[in-house]
Amino acid sequence: MAIEAVKEYFAQFGIADRVQEFDVSSATVELAAQALGCQPCRIAKTLSFLVDGRAILIVAAGDAKIDNPKYKAQFGTKAKMLTPDEVVELVGHAVGGVCPFGIKEGVTVYLDRSLKRFETVFPACGSSNSAIELSIEELERYSGYTAWVDVCKGWEG
């Protein structure tokens with residue numbers, strides 16, 4: 001189970017006990033915000049794409065949407081999301097629990113600047129009923145991200 005892989009991953013940093021599991025689904029931004037009692041924009045959703053035949057993850061704020069021209073300028077290709085089967089196969093988590101923690105080797109993680117306006121955010125933890133509250137610095141540290149990117153729209157307010 002992917003949540004176990006995430007807890008194991010966090011255990012090496014001594015924060016596995018911060019993973020929250022819910023009796024309700026947190027598989028979408030809206031459901032996660034309800035489960036956590038926070039604004040949907042503070043949910044750090046993880047989107048999975050295929051670039052040059054390899055999986056990449058983009059962690060973005062819950063109210064952000066991929067901006068196709070910005071995405072193409074950043075990655076040199078059209079945004080092509082992975083299918084649910086591809087997500088499990090290439091990333092190691094199922095849709096609804098995708099996160100940048102405890103993922104398969106070779107997956108590149110990017111953080112979208114839409115997250116920088118928050119002190120803390122809530123990414124999933126490998127299942128459709130889990131999350132962890134992390135500061136932006138912690139998200140940087142634990143996600144193993146490659147770079148900050150600006151590939152989203154709709155959140156600027």
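This is a predicted model: local features need pLDDT of at least 70, side-chain atom pairs count only at pLDDT 80 or more; totals for chains, interfaces and linings use all residues.
Let me begin with a single side chain: Y142 has a relative accessibility of 5%, and since the cut-off for buried is under 20%, Y142 counts as buried.

By the rule we use for ring pairs, the count comes to 10 aromatic pairs. In the one formed by F13 and Y142, the ring centres are 4.8 Å apart and the planes meet at 50°, so the pair is classed as tilted. Because F13 sits in the loop between helix 1 and strand 1 (20-21) while Y142 belongs to helix 5, this pair ties together parts that are 129 residues apart in sequence. A second pair, F49 and Y71, has its centres 5.0 Å apart and its planes at 50°, so this pair is tilted as well. Here too distant parts of the chain are linked, with F49 in strand 2 and Y71 in helix 3, 22 residues apart, and both of these residues are buried.

Returning to Y142, ring pairs join it with Y9, F10, F13 and F101 into a cluster. If we leave out residues up to four places away in sequence, F101 touches V6, Y9, F10, H93, P123, A124, I132, L134, L139, Y142 and S143.

That brings me to the nonpolar core. The largest one has 44 residues, and F10, I58, F75 and F101 are those with the most contacts inside it. Two or more residues each come from helix 1 (2-11), strand 2 (43-51), strand 3 (54-61), helix 3, strand 5 (108-112) and helix 5 (136-143), and the largest share, seven residues, is given by strand 3. Apart from this core lies another, of nine residues, which include F22, V29, I43 and F122.

Now to the sheet, which is open and is formed by six strands in the order 8-6-2-3-5-9, with mixed pairing. At its edges are strand 8 (134-135) and strand 9 (147-149), each of which pairs on one side only.

On to strand 3, then: strands 2 and 3 run antiparallel and are joined by eight bridges, with S48 standing opposite L57. The hairpin they make has two residues between the strands, and in this loop we find D52, which has a positive phi of about 50° although it is not a glycine. D52 is exposed, with a relative accessible area of 75%.

I would like to finish with another aspartate, D67, which lies in the loop between strand 4 (65-66) and helix 3 (68-75). D67 is buried and yet has no salt bridge, for the nearest side chain of opposite charge, K70, is 4.8 Å away, whereas the cut-off for a salt bridge is 4 Å. Leaving aside neighbours within four places in sequence, D67 is in contact with V151, C152 and K153.

Note on methods:
Residues are numbered from 1 along each chain as its sequence is written. Side-chain values use heavy atoms; hydrogens and water are left out. Helices (H or I, at least four residues) and strands (E, at least two) are DSSP runs, numbered from the N terminus. Buried means under 20% relative accessible area, exposed over 50%, partly exposed in between (1.4 Å probe, protein chains only). Lys and Arg count as positive and Asp and Glu as negative; His and the chain ends are not counted. Contact means heavy atoms within 4.5 Å. A nonpolar core is a set of buried Ala, Val, Leu, Ile, Met, Phe, Trp, Tyr and Cys residues joined through side-chain atoms within 4.5 Å. Two strands pair if DSSP finds at least two bridges between them. Rings of Phe, Tyr and Trp (its six-membered ring) pair if their centres lie within 6.5 Å; planes under 30 degrees apart count as stacked, over 60 as edge-to-face and the rest as tilted.
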